[in-house]
Amino acid sequence: MKDQLAKIRAEALAAFEGAKDANRLDALRVKYLGKKGELTAVLKMMGKLSPEERPVMGQLANDVRAALENALTECSQKLEAATLELRLKAEAVDVTIPGEAVSLGHQHPMNIALDELKDIFIGMGFTVLDGPEIELAVYNFDRLNAEEGHPSRDWSDTFYFDEDSRVMLRSQTSPMQVRAMDSMTLPIRIVAPGRVYRKDEVDATHSPMFHQVEGMVIDKGVTMADLKGTLNTVAEKLFGEGTKTRFRPHHFPFTEPSCEMDIQCHKCNGAGCPTCKGEGWIELLGAGVIHPRVLEMSGIDPEVYSGWAFGLGLERLALRRFRIDDLRLIFENDVRFLEQF
Ligand code: DAH
């Protein structure tokens, strides 16, 4: 029995040392120290010993058990330490390695210009509206006094969705005037920025998709003088004090009288240069006093209320605001260009 105990002790200690992980170690614990383990089996045979031998063997067996338990604890601590060591190595971050720079984007120049414009109008009590790019021809044309046969309704100019030319990609933000009249209570002061679509080829000044900002005021006693006063203030806030403007007669179906507003060329101060194509002035927007028929179609009495409206091309506004000379730069989104703003 003595030999047996010595053998178990030697075997178990060697096995514990060799265990590679906690599971294996636990299996070994069961193998040697468990209820059906090898040491227990030997102890069960104690009854067969003589009364003199029994205490001696009992003592020996206890020593072996204690030695195995100690070895187990030690081995399991060693394993834990080794696992922790491995994990720390695997998860280590070398803070001395140079980091990868994260390049942060920023606002597109056109949106910078739009934000400035919105701020100016919000400061004057206007509400900013958003509207659908897929629009009904009724809103885009009919209720703006551009009836069947109006040249702008032509298939060669407009993206229609159906044979009957009823649903379309809006060709202007002006339908937002009608939507505002339908949904808001008077008086109304709104600006409505957004995308518009026309069948144009891309060149330095054209794109089949571009952005407009619509503006409209309806109240009692509103006149052309209010239009001029407001738009002159906006031009000065946007382009700097003393910016000169000019209003030229024009025609739009939904305004009467209608005009276009130019600002004096910032490059040559009106003398004429390549930027303004020798004109001295740069066209900024279309505007006018709202046609009484447009008000009537929306159920507003033109004898009581009057209004003015404008529509401007946002890309062109941004070109002027940041003195850029080619529209395509706005759409190409070359970061080397965009980063300059
Ligand atoms: N919708 C016109 C266009 O796309 C621009 C315009 C002109 C808007 C006069 C207006 C306006 O609100 O009063 O050419």
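Trainee: Is Phe 341 buried, partly exposed or exposed?
Mentor: In this predicted model, Phe 341 has 26% relative accessibility and therefore counts as partly exposed, since buried means under 20% and exposed means over 50%.

Trainee: And how do the rings of Phe 337 and Phe 341 pair?
Mentor: Their centres are 5.1 Å apart and their planes stand at 70 degrees, so the pair is edge-to-face. Phe 337 itself counts as buried, because its relative accessibility is 10%.

Trainee: How many aromatic pairs turn up in the whole structure?
Mentor: A search of the whole structure finds 9 aromatic pairs. One of them joins Phe 121 and Phe 310, whose rings are stacked, at 5.5 Å centre to centre and with 20 degrees between the planes.

Trainee: Where in the chain do Phe 121 and Phe 310 sit?
Mentor: Phe 121 belongs to helix H5 (residues 109–123) and Phe 310 to strand E9 (residues 306–313), so this pair, 189 residues apart, links distant parts of the chain. Phe 121 counts as buried at 1% relative accessibility, and Phe 310 is buried as well, with a relative accessible area of 1%.

Trainee: Which residues make up the aromatic cluster with Phe 121 and Phe 310?
Mentor: Phe 126 and Trp 308 form one aromatic cluster together with Phe 121 and Phe 310.

Trainee: Switching to charge, which residues gather in the negative patch on the surface?
Mentor: That patch of negative charge brings together Asp 154, Asp 157, Asp 200, Glu 201 and Asp 203. Asp 200 lies in the loop between strand E4 (188–197) and strand E5 (209–219), and with 30% relative accessibility Asp 200 counts as partly exposed.

Terms used
Residues numbered from 1 in each chain as written. Predicted model: local features only at pLDDT ≥ 70, side-chain atom pairs only at ≥ 80, totals over all residues. Heavy atoms only, no water. Patch = residues over 30% accessible without salt bridge, like charges linked within 9 Å, V, L, I, M, F, W, Y side chains within 5 Å. Areas by Shrake-Rupley, 256 points an atom, 1.4 Å probe, with all protein chains shown as cover. Salt bridge = Lys/Arg side-chain N within 4 Å of Asp/Glu carboxyl O. Lys, Arg positive; Asp, Glu negative; His and termini not counted. Charge placed at Lys NZ, Arg CZ, Asp CG, Glu CD. Helix = DSSP H or I, 4+ residues; strand = E, 2+ residues; numbered from the N terminus. Buried < 20%, exposed > 50% of the residue type's maximum accessible area, 1.4 Å probe, protein only. Phe/Tyr/Trp six-rings, centres within 6.5 Å; stacked < 30°, edge-to-face > 60°.
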